[in-house]
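Please look at the sequence and the model before reading on.

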Amino acid sequence: MGSTELPSIICGGEVFLSVPDIFDFLKIKNTTNASYSSIEGFFIQQKNTFKIDENTNQITYKDQIILLNPGDLFRTNTNLFLRSVYFNTVFELENNFSFSSLSVSMSSKMELPAVKEARIAQLRTNINKIKNEVTADTTLVRDTPLFHFGTANWSVNANQQANGFRSERLLLNLGGMLAGGELTSSLNYGSNQPFVLKNQQYRWRYVNDDNKYINQITLGKIAAPSTATILHPVVGGQITNAPTRIRKSFGTYTLSDHTQADWMVELYINNVLVDYVKADADGFFSFNVPLMYGRTEISLRYYGPWGEEQVSGKKFVIPFQFLPKKEFEYVLSSGIIQDGKNSPFANAKVNYGLSNYITLGGGMEYVSSLKNNKTIPFFNSSVRVSSQLFISGAYYPKVMYNGLLNYTAVNNLRLELNYTKYDKKQHAVRFNYSEMRKATLSYPIHTAHFSGNSRLSVQQNLFNTRKHTTAELLLSGSAYGLNFNFTTNSFFTDSNKPFLYSNLSTSLRLPKGFVFIPQLRYEYNADGITSLRAELKKQVFKKGFVQASFDRNFKIGGSYLQIGFRYDFETIRTGFSNSFTKNQASFSQSASGSLIYEPTADFIYFNNKTSVGRASMKFIPFLDINGNGKRDTNEPLVIGLQIKLNDGRQINAKDGTTVITELEPYIKNHVQLNTTNINTIAWRVINKTLNVTLNPNQLKIIEIPVVVVGEVGGTVSINKNGRLIGTGGLKINIYDSDHILTTTILSEPDGYFSFLGLKSGNYSAKIDSLQLQNLQMKAEPANAPFEIDNAADGAIVDNIEFVLHKEKIEKSETETIPLNNPGKTAAVPVSEKTADKIQHSQQVVYRVQLLSSTIRLPLNYFWFKNKKEIVEYQHHGVYKYTWGSSSSHTEANKIKNKLRSEGYYDAFVVCFYDNKRISSQRN
């Protein structure tokens, strides 16, 4: 989550850490008394109260008293220090002190408030990212290579049994780019099955979110949306105008499932990480999925506590699909089904946003392998009645119709009703029941001693002559610091006795890093426990993991024992497991890894994660000596540039380059560049934030020019009776050779000013004219030209001296010029009294002057920032440009202030009478 500087005491090789500073950084609620002799608060949850008291020399935590030894606490007038070991033994904040670097690394297996806050902030950032709402200094888009090979995954599994049976399996995934699109393939080989094309995967996908009519084209094995049940792969093509990015979130939908106990589950929407959660002791997890406008593809990735990684093969369907008003979206799919007959298949689906609350859709599907009703038309709609109530429905003539209602109350009570009715003569959908009714009620529970979720679901399937009803009551959460899952299931039929059982599981962290997961099943029909399971896990050798489990089924009298070990090398993941039953024994071994290859960067990287389908980028910071923005052969690399990106895996090389892998393609990756650790102060990065869109299966090379900048400095003094006195608060404007304002510097109280950040070139420094006018002073020199000639370490010009003198103000001026007649002048004497009278004349116009130039500029000159109605006039051979006008001097000043806020710091008001410029002290 980051680092910070904290006060500490080192004594006898041990470190004592500041309790209030540590807890403040971790956002743990704490309060100290006036003398700092005690500190109290609660740790993460309000029930977990603590008090660290020097007077009693003890710690009270969770109603337990931990006695401290003499010297475990140090108190000063402004702090309280605790021996670091107690942060681990009491609060489970594991820490290690490095005497050489005088630093402490701290970690926790719990989600601390500061980590939770950072996670929520990151999730908000991810939502903005997939909606393309993150801005940056510069944007780098994807390229479209004709051909590029970039990534590969591989895995090998072998299995042997005591009876002599054995099997081996090899999986090889390849990823690259072809004709600007993503190309992936998967080769599967099993020693006990023939190598057939049907079991191989290959796909080419082209993505262009900027195209209005076609956003994605897919060829090969496609994930075709189908009404009919298709049990074989479909080879063909798919075209859609649905973008990969998400447009807007307007509600949530509950998605829940099961995996293995204590695994982390990541939720991806359109391949972008949106949320993550930890499964409970029974493997149950639940997400509140943001409902987005347009097509939403949901995928889940699972990560075990010891580094296991899986991608869900399930298809998660969000039953609500909304589009913004008047938006049209389509998906066209066509191909052949690899069912041995090469049956043709086609599906066309369209949706239209009738309003922001109602979306209508429909389409047609053709499946030649169906005996009847080969063509299936369909119609669907989604209605958002309110922010808490959603209704959707679909009708498939001669096949089925269904409806869904989802309601969320203010207290987060969620009700979902689902109904499906099948035509008795249909054969398109392969279910043996004719009607399905389902109701689900879920509610989060948070009390003083329990925090978790509850869910009650009832589903009834109706057949021609009977009906089956299943019910499930689930309670998952944490009570008294113990995580558990309690689930009760029941099964009812018309003829048999109801079958009812409960599962109870929990997860316990034991000393020495052991994790114990016990599970049991109680069957009410048998009036007893019918099965037990116990699993023990531990991390060893930093990257090694050992696991043992034992299952006992009392109904059949069977037992099952499994022992496994896995070790993760940097480039490969290996493991083996042995399992034993009463009559059988089996042994298995596995190895897996991946590589990233980029020939243009001379880069090849082996790792134990998956790489196919992911994106990577390499940052090359270099010293841009000639300032052309490109790396030339004589320009060296720069060490110390830090790359901040919240996603991916970062690899920092000694030469200053940085590679980030495991990134999502097609989205804007928001990168921040930090130059704090660059040793030379004159080296700067101009664009410090980047939005980078990446191709899958490709490492993108990003050169970061580090420019050399120079410094200008000097003094501003006031001449008072021949004595020079430095003065502060004056603006010094720096202009480049094109008379464009580069920066404005404010003099310090002693009159000194300086600015570091100028590229090589000719500049001039001027005291702000408006300030001089208000002070009724003039500067000598009025203009101070200087040159910055940067070498590798920059350049310094620090000899500029401005001296201010009191200016004699004449009571009248005659310097005027016709507005619409450049080159001619006319004199109109104006005194202060006359100016006051002129302000009330209908012929007086006040304008705001932006710029003066010795050459004539086009009115669309970039300095004017696309402002309309720029007016030009000429004065003493100099072209002057104004914008905005008013008959009121007050209103003109408002225009002037607005322009100064936009960066026109020298803007000032000029007055015209009868289209002739006049001057007065009022201006």
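Q: What makes the charged end of Lys867 count as sitting over the ring of Trp883?
A: In this predicted model, local features need pLDDT of at least 70, side-chain atom pairs count only at pLDDT 80 or more, and totals for chains, interfaces and linings use all residues. Residues are numbered from 1 along each chain as its sequence is written, and side-chain values use heavy atoms, with hydrogens and water left out. A charge sits over a ring if NZ of Lys or CZ of Arg is within 6 Å of the ring centre and within 35 degrees of the ring normal; the charged end of Lys867 is 4.6 Å from the centre of the Trp883 ring and is assigned as sitting over it.

Q: Which ring does the charged end of Arg466 sit over?
A: The charged end of Arg466 sits over the ring of Phe463, at 4.5 Å from its centre.

Q: How many aromatic pairs does a search of the whole structure find?
A: The search finds 27 aromatic pairs, where rings of Phe, Tyr and Trp (its six-membered ring) pair if their centres lie within 6.5 Å, and planes under 30 degrees apart count as stacked, over 60 as edge-to-face and the rest as tilted.

Q: Why is Tyr522 called partly exposed?
A: Buried means under 20% relative accessible area, exposed over 50%, and partly exposed in between (1.4 Å probe, protein chains only); Tyr522 has 26%, and therefore counts as partly exposed.
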